[in-house]
Amino acid sequence: MDADKSPGPDNPREALTPHDLVLPDLSRLRLDTLLHELVDRADQLVENERRVHRLLDAVVSVASNLALPEVLQRIVRSACDLVGAQYGALGVIGPDRTLIEFNTTGFSDELRAKVGHLPTGKGILGLLINEPQPLRLHDLTRHPHSSGFPPNHPPMRSFLGVPVQVRGEAFGNLYLTEKIGGGDFTEEDEEVVVALAAAAGIAIDNARLYDVSRRRENWLLASTEITAHLLSGASPGETLDLIAERARAVASAELSMLALVDEQGGDLVLEAVAGPSAEQLRNERVPTAGTPLGDVLRTSRPYVFDGDAATLGWDDHGDRGALLKGGSIMLVPLASGPHMLGVLIVTRPEGQPFDPSDMHMVTTFAGHAALALEFARAQEDRGRLAVFEDRDRIARDLHDHVIQRLFAVGLGLQGISRQVVRADLADRVSGYVRDLDTTIQEIRRTIFSLQERAGDRRSLRGQVLEIAQDAATSLGFEPRVALEGPLDSAVPDAVRPEVLATLREALTNVVRHAHASQADVLIRADIVHRMFELHVTDNGIGIPADPPRRSGLTNMAERALRLGGHLSIGPGPQNGTAVVWQIPLNR
């Protein structure tokens with residue numbers, strides 16, 4: 001049999017010491033610790049990988065849209081999802097270093113309405129604006145820069161703020177509060193949000209570039225439309241209205257106005273207005289001395305400011321000043337070379353300021369519009385010159401041929417009247433001679449009016465009074481004349497010859513057919529209803545029930561029809577005849 005091998009005094013080498021008894025337990029403990037560390041590190045690697053994937057998904061989501069408002073909203077939502085924040089916001093910094101836009105998430109519409117006005121950049125928010133560095137806080141209410149919360153604002157403690165930069169310039173800040181599940185935002189949270197902010201800056205820049213290119217395309221399309229409109233033969237008035245409408249639409253403006261230089265007074269006149277209460281502002285005169293409008297005219301430089309109508313030079317009487325109170329106003333010169341035509345004025349409501357890209361595009365559009373206006377005026381001058389040349393030819397033909405023949409016929413009739421024995425026949429021949437003299441005088445007046453030039457014209461009031469005085473000789477009395485409204489400024493130059501010719505025709509009819517002892521002339525420019533009216537009434541025998549066709553009345557009716565108006569004839573207040581000639585005042 002084998003000897004006993006159990007440990008004991010006889011087998012000292014096989015005996016177990018206390019150290020040998022403890023060693024296996026320590027090895028197992030170290031092994032468990034290492035396994036736990038390996039598991040923790042594996043979990044951390046998995047979590048980091050998961051966070052990286054979520055960060056990549058967030059970057060892709062942010063960059064998948066080119067509309068800036070949607071990009072900003074996605075940035076806020078993605079930041080909250082990445083770090084588990086209950087509330088998030090992205091504040092956009094304005095030129096005055098305050099928040100001009102505040103995109104939030106986590107707030108319901110009801111809660112947002114209860115909170116009221118959005119922050120402008122005070123307290124902790126302002127600290128990030130002034131010191132654009134990442135900021136993590138355990139309790140933002142205990143920070144020295146904390147300015148508290150407005151009423152109905154939800155409680156917030158844990159805070160993480162990260163600046164967002166675009167092309168090295170501060171665009172805004174990401175604000176995240178209230179870590180879901182409690183606790184503070186970690187250093188890893190900060191790193192993830194910083195990485196997202198960097199990607200967000202690129203996405204914001206792309207969205208801005210896309211928005212600028214889209215708006216530039218719209219401005220070019222508007223300029224092309226105006227050019228095509230002119231080439232189709234549109235009038236300057238229609239072109240002005242189109243420029244104002246397109247400028248308002250493309251600039252996302254509330255109001256757009258074309259203020260052109262008045263060659264006579266030197267002030268500006270609002271020739272075209274697009275937007276609310278356009279008719280109240282149309283044809284308003286705006287002074288330029290000591291106003292921003294005058295500075296733009298003098299320097300040919302655009303100007304943007306936040307102000308009201310008083311700054312522009314409008315008086316504050318009535319509703320006109322209220323139309324331009326608050327908001328942002330851009331003044332852009334309308335210049336064609338050295339020739340200054342006027343100023344393009346576009347306005348936006350409060351909270352929608354113009355940026356430098358807006359100014360550049362509106363200035364370019366204004367340059368195209370000025371060229372279009374110069375082209376339209378050149379076309380109009382060319383057409384007017386052709387009309388003047390045609391009028392000169394007609395006037396020469398009337399003077400050299402028609403008047404000479406009529407004069408010869410009159411001399412012949414005078415000779416015949418002396419040879420007529422019967423007195424009644426001699427009187428009739430003498431009457432024909434007088435009619436010929438009257439006709440020659442009317443033809444001469446027509447020749448003078450045909451040879452008139454715009455620069456040689458007197459005031460419309462003076463011409464009306466002169467015609468009334470000339471008619472007094474034939475009437476046997478002087479007509480009573482009443483003039484109402486801004487005739488000289490409201491009645492276009494192209495319409496004045498038609499007005500004067502109609503007045504002559506109406507008074508000539510009174511002389512020939514009315515047998516009146518009194519005649520009244522009323523000429524009115526109704527600015528409110530944009531109508532011009534010419535009334536000629538007499539106390540004569542009145543117009544027959546079935547009047548014969550007269551060339552004078554036909555001419556007056558045709559003139560009114562050409563100008564978009566009408567002629568009405570009826571009994572007067574004193575059993576005579578009332579002639580009313582009305583046309584619209586478009587420009």
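**Exercise 1. Determine which residues of helix α12 are buried, and against which elements they pack.**

Step 1. The buried residues of α12 are Leu 460, Gln 463, Val 464, Ile 467, Ala 468, Ala 471, Ala 472 and Leu 475. Buried means under 20% relative accessible area, exposed over 50%, and partly exposed in between (1.4 Å probe, protein chains only). Helices (H or I, at least four residues) and strands (E, at least two) are DSSP runs, numbered from the N terminus. This is a predicted model, in which local features need pLDDT of at least 70 and side-chain atom pairs count only at pLDDT 80 or more, while totals for chains, interfaces and linings use all residues. Residues are numbered from 1 along each chain as its sequence is written, and side-chain values use heavy atoms, with hydrogens and water left out.

Step 2. The buried residues of α12 pack against β12 (480-484), α13 (487-490), α14 (496-514) and β13 (519-526); contact means heavy atoms within 4.5 Å.

Step 3. The expected span of a helix is 1.5 Å times one less than its number of residues. For the 16 residues of α12 (residues 460-475) this gives 22 Å, and the end C-alpha atoms are 22 Å apart, which agrees.

Step 4. After α12 comes Gly 476, with a positive phi near 90 degrees.

**Exercise 2. Describe the geometry and the setting of the aromatic pair of Phe 532 and Trp 581.**

Step 1. The structure holds four aromatic pairs. Rings of Phe, Tyr and Trp (its six-membered ring) pair if their centres lie within 6.5 Å; planes under 30 degrees apart count as stacked, over 60 as edge-to-face and the rest as tilted.

Step 2. Phe 532 and Trp 581 are edge-to-face, at 6.4 Å centre to centre and with 80 degrees between the planes.

Step 3. Phe 532 belongs to strand β14 (residues 531-538) and Trp 581 to strand β16 (residues 577-584), so the pair ties together parts that are 49 residues apart in sequence.

Step 4. Phe 532 is buried, at 0% relative accessibility; Trp 581 is also buried, with a relative accessible area of 0%.

**Exercise 3. State the strand order of the open sheet of five strands, and find its edges.**

Step 1. The order is β2-β1-β5-β4-β3, with antiparallel pairing. Two strands pair if DSSP finds at least two bridges between them.

Step 2. β2 (99-105) and β3 (135-137) are at the edges; each has a single partner strand, so one side of each is left without a neighbour in the sheet.

Step 3. From one strand to the next, the twist averages 15 degrees. Axes are lines fitted to C-alpha atoms, for helices over the stretch in contact, and angles run from 0 to 180 degrees between N-to-C directions.

Step 4. Strands β4 (residues 159-166) and β5 (residues 169-179) run antiparallel and are joined by eight bridges. Within this pairing, Phe 159 stands opposite Thr 177.

**Exercise 4. Identify the elements that build the largest nonpolar core.**

Step 1. A nonpolar core is a set of buried Ala, Val, Leu, Ile, Met, Phe, Trp, Tyr and Cys residues joined through side-chain atoms within 4.5 Å. The largest has 32 residues, and those with the most contacts inside it are Trp 219, Ile 243, Leu 258, Leu 334, Leu 344 and Phe 365.

Step 2. Elements giving two or more residues include α5 (187-231), β10 (328-336) and α10 (356-419). The largest share, nine residues, comes from α10.

Step 3. A second, separate core of 31 residues includes Ile 467, Ala 471, Leu 507 and Val 510.
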